[in-house]
Amino acid sequence: MLDGTIIAQTLLSGVLIGFIYALVAVGLTLIYGVMDIVNFAHGEFLMLSMYVVFWLYALAGLDPMVSLPISVAVMFVVGVVTHKLVVRPVLRAPMSAQIFVTFGLMVFMRNGAQFLWSPNYRLIQTPLVAGRLELFGLFVGKPQLVAALGALITTGLVFWFLKRTETGRTLQAVAEDQDAAALMGINPDRTFMLAWGIGAACVGVAGALLANYYYIFPTVGNTFVLMAFVAVALGGFGSVPGALLAGVIIGVVEVLTGLFISPAFKNITAYVLYMVVVLVRPRGLLGEW
Amino acid sequence: MLQVNDIFVAYGGTPALHGVSFEVPAGQIVSIVGSNGAGKSTILRAISGMLKPTRGVIEFLGEPIQRFPAFRIVQRGIAHVPEGRRLFSKLSVFENLLVGAYTKKSPTFRQKTLEQIFSIFPRLKERQSQRAGTLSGGEQQMLAIGRALMSEPKLLMLDEPSLGIMPVLVDRLFDVIKEINQSGITVLLVEQNVQRSLEIAHRAYVLQTGEIVLRGTGQELLASEQVRGAYLGL
Ligand SMILES: Nc1ncnc2c1ncn2[C@@H]1O[C@H](COP(=O)(O)OP(=O)(O)O)[C@@H](O)[C@H]1O
Ligand SMILES: [Mg+2]
């Protein structure tokens, strides 16, 4: 029998994981919005940030919460370097080259991680944030709660940055019309670098928060990034509030499917949802065009 | 102030300008007229760095700028109001103006310039929090000019500012261009409205399929048989 508590418990866990999907999606949608390039290596960025946090824990004894800013900084640099070394060289090349270059990066990073760190599952055994607490009669894991709140706050910060700061305005201007932005004195290439840096830093946050409770392995990015892709399309390409809304919807749909149908169908319903959106409202829930 | 020397520009393999030379002296209004497809926009794009000439030199205040990327040319003092306005339609009017001041970070400068622009275009002040995409054609053109003025240009280049504007506003627009010029900004104007742009021009050029075929003062060209026949239908 399913009682109300179980359903409420399930919904809560869906919302919490949805915030993580949203944050991963925000990184994707930012890069896509500013330069029309899909970062297929986004899941591998997440994986890399989780390993950064893991090794800081294993080798230096740093707790994931302490490593979080380090992970953010490392991932920002990874994003910038990706733009400079991988993306910029193919910007004038045909569309297919632009798709394959981030796809190639994904394969490279995934295999690199398996080679360097083995396919073993790792776990941070004794994080500072552990245990669970009771909220209105529902139980929530503290790491999950902290991760969800951290993801929500970061998403809010990115949104504030885009809307309320001079640099954020610059990103918006380049996203809409890079030639017109250049006529205003904006260097589009520097703006692209920044979009990559911030987009990757978003998963730097997500990775550190997830490392508190999630297994770490070379293909760990898969689960999250697939949901994040669906969230980007569902929310509307380039829209941060759209990614947030869609992330939560997908998280909830995922857990309800697990509860009512079967955990094996979790991913499938998210894709079905995506297909419906693409057919019914191709610009996504909050998309602009 | 601006010296364009024998520039060649091509799109892909197709040449659009074949050896164009002209100059824009400081303080003047210079008009380039010509029919659709003559290459007027291409000239402005080459000056502002959106296109690179394959040959020739563009000198601004004595410095060759034809190899500079567009964003550096703005810093030198050239503002380009492109064809079709190219506003940031999702940003508000106010935000568009702020992006226009990207090269000028000083808040006091921005405040002062904003006030000047709002006094030229009071409509922009009323609509400052509205999205640029929701403005009428005339208001959009005002915003495009205002946005360009926010960079404190020495040379303002306008590409068909009267296009898509209600006829009653066209007079006002040409008055504004004169006002801007009288405030000390040099103007390079490209227009299909040959009559009006020659009337306000100190100096003017006629462009035909990528070549300058006639030059003189605005008055001389207005009086020329060739211009009257080909462009004014007289
Ligand atoms: N983006 C472009 N790609 C290819 N050809 C172009 C492009 N823009 C303009 N042209 C060509 O260059 C020539 C000059 O165009 P343009 O400078 O826009 O003329 P005008 O502004 O005088 O109407 C035309 O033959 C036009 O077809
Ligand atoms: Mg034109």
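1. Chain B carries 26 positive and 20 negative side chains, where Lys and Arg count as positive, Asp and Glu as negative, and His and the chain ends are not counted. The centres of the two sets are 8 Å apart, each charge being placed at NZ of Lys, CZ of Arg, CG of Asp or CD of Glu.

2. This is a predicted model, in which local features need pLDDT of at least 70 and side-chain atom pairs pLDDT 80 or more, whereas totals for chains, interfaces and linings use all residues. Residues are numbered from 1 along each chain as its sequence is written, chains are lettered from A and ligands numbered from 1 in the order in which they are written, and side-chain values use heavy atoms, without hydrogens and water.

3. Chain B contains 10 helices and 10 strands (DSSP runs numbered from the N terminus: H or I of at least four residues for helices, E of at least two for strands). Its C-alpha atoms fill a box of roughly 45 × 40 × 30 Å along the principal axes.

4. Of the 234 residues of chain B, 54% count as buried, meaning under 20% relative accessible area with a 1.4 Å probe, protein chains only.

5. B:Ser162 lies in the loop between β7 (155-159) and α7 (167-182) of chain B. B:Ser162 is buried, at 12% relative accessible area. Beyond its neighbours within four places in sequence, B:Ser162 is in contact with B:Val170, B:Leu173, B:Phe174, B:Glu191 and B:Asn193 (contact: heavy atoms within 4.5 Å).

Definitions and conventions:
Buried < 20%, exposed > 50% of the residue type's maximum accessible area, 1.4 Å probe, protein only.
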